[in-house]
Amino acid sequence: MSPFIIGICGIIAFIILIMLKVPIAVSMSMVGFVGVSYLVSMQAAFRILASEIYSTFSSYSLSVTPMFVLMGFFAYHAGIGNKLYHFAYKAIGHLKGGLAMASVAACAIFGAVSGSSPATAATIGSIAVPEMRKYDYSKSLATASVASGGGLGIIIPPSVPFVIYGITTEQSISRLFIAGIIPGILLTLMYIAVIWLTVSKNPDIAPAASGPRASFKEKINALTGVLLGVLIVFGIAVGGLFAGWFTPTEAGGIGAAGVLLVTLIRGDMNWERFNCALVDTTRTTAMIMFLIAGATIFTRFISLSRIPFEIATWVGGLSLPSYFILFIVILIYVFLGALIDSIPLILITVPIFYPVVVDTLGYDPIWFGVLISVIVAMAVITPPVGVNVYVIKGVAPDVPLEEIFSGIWPFLIAAVIFCIILILFPQIVTFLPNLLFN
């Protein structure tokens, strides 16, 4: 059999292993090892296990991952999400649908601090969903708004998917972080607009104002409680990336140390929370490392099978507009995103589609990374996997999954429209990094 056929068989075997609920990292490792052994030799497969994985894990660029994960878990266990939601509630909670809007805004801000979509959904959801239900919000709107808002942390820096994409494609993580700022803000505003339109069309799902209008002083006090804490640290870390003072790893380290210091000073951190943050960081980092290890072997197998080369050659020979081919790639991502979690999705697909989109079609690699992140943000709320939906199900166990997913569709439509906007106007992504780095 040709290497291409062997590669296709390997991908089918990988899908079967996932359907059998074999862990994704193990599935990628098994298929990659057997595939390399067949195409080259078992000695070469063992060499990849030894040298390639070591060289990947010992690279400086990968150390950015535990730093930002640690920063996120410090913020999570210190209860930063409570303060962010309190501020958003004071600012717009009195409006029609204001609590749902406040939930999305709080998710965007906390996602920027934590960089974790499930952690954002769980943190804000545990506060916001009971509050919305207290004010007679429909269950679907209450749960769907938080589940969708949790995905914003994937786009707004610091974002772990950006780190994974940057390492996989050897692109600047700093440029990716900066490129995600404007799209993240715009998608947040679109989600808020979705809530406004939904409530305007169907007033019964948010039948009353969500609470008394806060005074200007109350809003300032709530804002001060946020800005004097973690957001200053976040501003320094990301601002240092803007100015070129820090590498992404240094920014993550400064952010983690700063969040720890601020939460200690404010009395929000104790030994138990500190220990939980370290344990969760270790567990999450280990999970990511195992996924990257499996992806390293699987990627080498895919490269040896010449699947990316064959696809790129086939695409290059098509007499179709590049927009149409890109649309097909996006459809594949949306389909796979409904079945596979965000980090494995990036690790599996980027080695296949990056050469097609960037090298063959000529699209900007930073723009493609942001587009993938938007699609991943859609994937975390897309059935049947929709990891954020299951997180919110854990927060509100009495709400059926069907009811949560029924409220998700307007946000999914907004995300699809946003993807089209990014394709038509790529300057939304490229403007800021080109301005700061050129």
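Predicted model: local features only at pLDDT ≥ 70, side-chain atom pairs only at ≥ 80, totals over all residues.

1. On the pairing of α4 with α14, helix α4 (residues 64-77) and helix α14 (residues 248-265) have axes that come within 8 Å and cross at roughly 20°. Angles under 35 degrees count as roughly parallel, and α4 and α14 are therefore roughly parallel to each other. The crossing in which α4 passes α14 is left-handed. From α4, the residues making the contact are Val 64, Met 67, Phe 68, Leu 70, Met 71, Phe 74 and Ala 75, while α14 contributes Pro 248, Thr 249, Ala 251, Gly 252, Gly 253, Gly 255, Ala 256, Val 259 and Leu 260. Sorted by class, this contact of α4 with α14 has twelve nonpolar and four polar residues, and no charged residues.

2. On the pairing of α17 with α19, helix α17 (residues 322-337) packs against α19 at an angle of about 40°, with the two axes 9 Å apart, and the crossing of α17 and α19 is right-handed. The α17 side of the contact is made by Leu 326, Ile 330, Tyr 333, Val 334 and Gly 337, and the α19 side by Trp 367, Phe 368, Leu 371, Ile 372, Ile 375, Met 378 and Ala 379. By class, the contact of α17 with α19 comprises eleven nonpolar residues, one polar residue and no charged residues.

3. On helix α18 (residues 342-360), please look at Val 350, where the helix bends by about 55°, with a proline, Pro 351, following within four residues. Helix α18 is mostly covered, as 17 of its 19 residues are buried. Just after α18 comes Gly 362, which takes a positive phi of about 85°.

4. Apart from neighbours within four places in sequence, Ser 373 is in contact with Ile 154, Ile 155 and Phe 162. Gly 166, which lies in helix α9 (residues 160-169), counts as buried at 3% relative accessibility. With neighbours within four places in sequence again left aside, Gly 166 is in contact with Gln 171, Ile 173 and Leu 176. Gly 166 and Ile 366 are 200 residues apart in sequence, and their C-alpha atoms are 8.8 Å apart in space.

5. On two buried residues in loops, is Asp 268 buried or exposed? Asp 268, found in the loop between α14 and α15 (271-305), is buried, because its relative accessible area is 12% and buried means under 20%. Leaving aside neighbours within four places in sequence, Asp 268 is in contact with Ala 78, Lys 83, Thr 263 and Arg 273. Ile 381 lies in the loop between α19 and α20 (387-395) and counts as buried at 0% relative accessibility. Beyond neighbours within four places in sequence, the contacts of Ile 381 are Ala 147, Ser 148, Tyr 191, Gly 386, Asn 388, Val 389, Phe 405, Ile 408, Phe 411 and Leu 412. Ile 381 and Asn 202, by C-alpha to C-alpha distance, are 22 Å apart in space, and they are 179 residues apart in sequence.

Technical notes:
Residues numbered from 1 in each chain as written. Heavy atoms only, no water. Axes fitted to C-alpha atoms, helices over the stretch in contact; angles between N-to-C directions. Parallel < 35°, antiparallel > 145°, perpendicular 65-115°, else oblique. Left-handed = near helix turned anticlockwise from the far one by under 90°. Contact = heavy atoms within 4.5 Å. Nonpolar A, V, L, I, M, F, W, Y, C, P; charged D, E, K, R; others polar. Bend = angle between axes of the 7 residues up to and from the residue. Buried < 20%, exposed > 50% of the residue type's maximum accessible area, 1.4 Å probe, protein only.
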